[in-house]
Amino acid sequence: AGKLHLSKAIKEVTELLTTETSADTSRVINALRKLQGEVIFKPHDQGIGLYVSEDMNFYTGFPFPVSEKIIVDKSFHLKELLLKEHYSNPYTLLYVDEKEIRLYNGKATELNEVKNEVFPMFFEGGIDKQSPLINSFFARNTYVQSLDKNKIEKLEANHKDFFRKASESLTPYFENAEILVMCGARKYLSEFLYHTGHKEKIQGIFFGNYSRFTEADLAEMVWPSVKNHIDKNLANILSDYNEKVTEDMTEEGITHVWDAVMSDRGDTLLIEKGLEIKGFVEDQNPGTLYLHPPKNSHTVLPDAVDTVIKIALDKDIKV
């Protein structure tokens, strides 16, 4: 269904472009058709965007639903790309069980296992594989208590060292990721949590046996938890905004915001998702945005919201 929908959209945009006969248009159409053949639909993407120009072409999936848009303009529209960037905060997933610890780097629904000289880490604590002790670790029933106490204590000590070393090894991997999600058997996660110094970064814990989960399975499981954390951060930004409203330190509405951005006032631009507003600017006075055509010579902005986003980004204003 996705490929069929994409083919229909590409046919429509090709028909729009063929109204202009130029070598540049032909190159764009050829690039678009070539890009169509390269698209891979990933199961967790809820939308897809194709971006083609004379100089570059690429496609990207979105971890959120998008409205269908066919835009032929002088520059790319950025709203969906910025929203994807908002949800692309890097995070780390740690899988912990009795015998190994695996580490994954994630962005939205993309998850990749770290494989180097440190991870994955394997426990080598001298366990007798024939002993029921393996399945009774940390238990305190009568049978286990009857086993050699030295062996139990040694195994526990080795596990503690294993978890402590793993926790220390995690530190370099948080340089770009301040979100940690954990999954694995409850008793081993509990022991790891007792020894780790990264508790403040943990945003989700999933108890269970996930040894057979693929990267895609794990990503599907943990992404809602990560997304919820990112949304909470946005709620904090909106809370700060509401405080500034009471202090009369904000501008609202597209015309007032346009004037503020053009005048280099403000450091953060908040945009309502999906907002589109047609606007007009006079050719001799682009500092003022009109919502109705002015009498003087002017330029039509099909989406003034997207235009003000680009201007803000050029001025290093956070969007």
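What follows is a walk through a predicted model, from the whole chain down to a few single residues. Residues are numbered from 1 along each chain as its sequence is written, and side-chain values use heavy atoms, with hydrogens and water left out. Since this is a predicted model, local features need pLDDT of at least 70 and side-chain atom pairs count only at pLDDT 80 or more, while totals for chains, interfaces and linings use all residues.

Let's begin with the chain as a whole. There are 9 helices and 11 strands; these are DSSP runs numbered from the N terminus, with helices being H or I of at least four residues and strands being E of at least two. Of the 319 residues, 37% are buried, where buried means under 20% relative accessible area, exposed means over 50%, and partly exposed is in between (1.4 Å probe, protein chains only). The chain exposes about 19200 Å², and carbon and sulfur atoms supply 50% of that; the areas come from the Shrake-Rupley method with a 1.4 Å probe, and for residues only the protein chains shown count as cover. As for contacts (heavy atoms within 4.5 Å), take those with a separation of 6 or more: 53% of them join residues 24 or more positions apart.

Next, a hairpin. Strands β1 (residues 47-52) and β2 (residues 57-62) run antiparallel and are joined by 6 bridges; strands count as paired if DSSP finds at least two bridges between them. With 4 residues between them, β1 and β2 form the hairpin, and V52 has N57 in β2 as its bridge partner.

Of its 34 lining residues, V13, L50, K69, I70 and I71 are the closest to the centre. The elements giving two or more residues to this lining are α1 (2-17), α2 (23-38) and β1, and α1 supplies the largest share, 7 residues. By type, the lining divides into 18 nonpolar, 8 polar and 8 charged residues. Here Ala, Val, Leu, Ile, Met, Phe, Trp, Tyr, Cys and Pro count as nonpolar, Asp, Glu, Lys and Arg as charged, and the others, Gly among them, as polar. On the method: a pocket is an open set of points on a 1 Å grid over the protein atoms alone, where a 1.4 Å probe fits, with protein on both sides within 12 Å along at least five of seven lines, and lining residues have an atom within 4 Å of a point.

Now for Y95, in strand β3 (residues 91-96). Y95 is buried, at 2% relative accessible area. Leaving aside neighbours within four places in sequence, its contacts include E100, Y104, C183, N209 and Y210. C183 is 88 residues away along the chain, yet the C-alpha atoms of Y95 and C183 are separated by 5.0 Å.

Most residues other than glycine have a negative phi, and most peptide bonds are trans. A cis bond, with omega about 0 degrees, joins F119 and P120, and P120 sits in the loop between β5 (110-113) and β6 (121-122). A108 has a positive phi near 50 degrees; this residue lies in the loop between β4 (100-107) and β5 and is buried at 6% relative accessibility. D264 also has a positive phi, near 60 degrees, in the loop between α8 (254-262) and β9 (279-282), but D264 is exposed, with a relative accessible area of 53%.
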